[in-house]
Amino acid sequence: MSTTLVSPLTPKDAPPTGRTHWRLVPAFETNPALVGSGQTVPGKLVVLTVFAGMLHLLTENWLAVSALILLITFLPEYRRGLIACGTVYWLMFHNSWFDWALVRGVAQREGAAVNFAVVMPIGMAALIAFAAGFCWIAFRWRTASVMRRPMLLLGLCYTALLLGACYAPVIPAGRVYLWTGVLLLGPYFWFIGYTLLDRNSKDRDPLALQMGGWFPFWVGSAASFTPFPKGAAYLRRIEARTPADFAVTQIKGVKLLLWTLLLSLAIGVFRIITHVWLHIPPFPEVFRQSIARHPYPWFVAWASLIGDFLETMLSVSIVGSGVVACCRMTGFRAFRNTYRPFRARTIAEFWNRYYYYFKELLVEFFFYPAFARYFKGHRRVRIFFATLSAATLGNLIYHFIRDIHYVAELGLGKALVGFHVYGFHCLVLGIAIGISQLRGKKRPVNGNWLREQVVPAAGMLGFFCVLHIFNYDFGRTCPIREHFRFLLSLIGVS
Amino acid sequence: MDERTLVRALVESLLNKKGDTRAFGDGDSLIFGGRLESIDALEIAFFLEDRYGIDFAEIGFDQNQLDSVDEIVSLIGTTRIGA
């Protein structure tokens, strides 16, 4: 787990003052005239129109998102309340993250006669009652021994629900509802967690307002389980307090969406070049041919792997940037999710720059708690163990919950066994980040660009590229020996 | 030296290590403001454990409590009152 926090809003890589620096997206927010205009009604409308126009090119939900941003722009004093309204709206009309196919599949398998029109409302009502009750108890009795570690208790509740869905001797309709509960609690798990983390804050928001920020509309449009940008405590810290601050934040939102648009164009061009012009097959296809013992030549496999790695990076950046751009438009100075990953020189630094809010989730829910509790007398062991807790254990738990459909499809046992490939991925990642973190970042000493910049960057990217092989588990049915076979084929060993 | 001076000295040394020599106020957000990194939060934690005997297993590790000089000093004060 990386703990090297980079500030995307105050880049450390910025050139010294006085030197000209070409930027693809100019720093509009530093122009006083623009910031001033951004505080007037016509100026706000222009900013919103530009934003909505770009959003239109990126998502079909652009109109609803833009309408919510419009309301917040002109009624910033009701920002948090409006966000809560947006959350409810999104839950009612844009709940595509809910796996309907899985619920229907369970109903069919069980032969259950279920009215699907009421499954979701009943499930949501139960979830809201459970989550609100759980948080209220955690706030009210936070010193009670059972509530000392509320995330652990929440995890146990989730596990019990999952075991119930898999094995409880219930009527068919009951199993459908239990699975609905599992599928609803999973996406909210980390949002509830951030509210629980906030329970000791002096300026904590009321529970209803906190719940209004669970799956806010900017996350809902991306259907990600990762809370962007973390929880209510972070939102309070980064909220724009003055009209000028709000204008700057919105201009940064527009800039980030422009960047998202450029990245979307880039990924399209990249796909045309690699798959259409160069005829490089997609990585899953190359891997399947390897399993079928009809492998592509080693150089094609390399090209496909590198291409897929770069495409994944671009995709993560596009989704994260779009979400953060929408969040900024509502007046929160959120950090970018992906920030110049190719500037990283160490594994820990890359991990931090690549997917910031996922890393932060792992830091807050796994790294810090482990750091606070274990190996207190041994500094290096303490940091290494905390890193493993986050990058390995936390990473595994996050993805197990996110991909819970495998349990319904394969059964709990097979889904767990099939998870060994990703488990290996997380273990190697955790060890590598831990070592990288303990070694630290070497400062340039003699200005040898090749040795101090290019070689570490190539090594770091090579590591992540090769590890990317183990990121694929092909429906959790492919044993890890196939991944090693593929890895060896890359260096010419058959 | 009082706590505030010690904390300021620690923060200053952490910033200097990164080549950040800009001035900072006691209320400035250091971690969420992007000037300090999470690894520095650990350095601050080590300092608070060693010097003031603060037990993060007991109070919970919260980045918010280490985000500014004011908040760190407040944490020291709170744990002292609690002790």
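This is a predicted model: local features need pLDDT of at least 70, side-chain atom pairs count only at pLDDT 80 or more; totals for chains, interfaces and linings use all residues.
Local features here need pLDDT of at least 70, side-chain atom pairs count only at pLDDT 80 or more, and totals for chains, interfaces and linings use all residues. Residues are numbered from 1 along each chain as its sequence is written, and chains are lettered from A and ligands numbered from 1 in the order in which they are written.

**The domains of chain A**

Chain A is divided into domain 1 (100-214) and domain 2 (244-490). These bounds come from an automatic or database domain assignment. The C-alpha centres of the two domains lie 28 Å apart. At their contact, 14 residues of domain 1 of chain A meet 9 residues of domain 2 of chain A. Two residues are in contact if their C-beta atoms, placed from the backbone, lie within 7 Å.

Helices H5 (100-110), H7 (150-167) and H8 (172-197) of chain A each give at least two residues to the domain 1 side. Helices are DSSP runs (H or I, at least four residues), numbered from the N terminus. H8(A) brings the largest share of that side, 8 residues.

**Chain A meets chain B**

The contact between the chains takes 18 residues from chain A and 15 residues from chain B. On the chain B side, helix H2 (38-52) and helix H3 (56-59) each supply at least two residues. The largest share, 3 residues, comes from H2(B).

The table sorts two contact sides by class. Ala, Val, Leu, Ile, Met, Phe, Trp, Tyr, Cys and Pro count as nonpolar, Asp, Glu, Lys and Arg as charged, and the others, Gly among them, as polar.

| Domain 1 of chain A, touching domain 2 of chain A | 11 residues | 3 residues | no residues |

**Lys255(A)**

Lys255(A) sits in helix H12 (residues 243-277) of chain A. Lys255(A) counts as partly exposed because 18 C-beta neighbours lie inside 10 Å. By the cut-offs, 20 or more other C-beta atoms within 10 Å make a residue buried, 12 or fewer make it exposed, and partly exposed is in between; C-beta atoms are placed from the backbone. Leaving out residues up to four places away in sequence, Lys255(A) touches Val25(A) and Phe28(A). Ala266(A) is 11 residues from Lys255(A) along the chain, and their C-alpha atoms are separated by 16 Å.

**Helix H14(A)**

Helix H14 of chain A (residues 298-329) has 32 residues. The expected span is 1.5 Å times one less than the number of residues. That gives 46 Å, and the end C-alpha atoms are 46 Å apart, so the two values agree. Just after H14(A), Gly331(A) takes a positive phi of about 105°.
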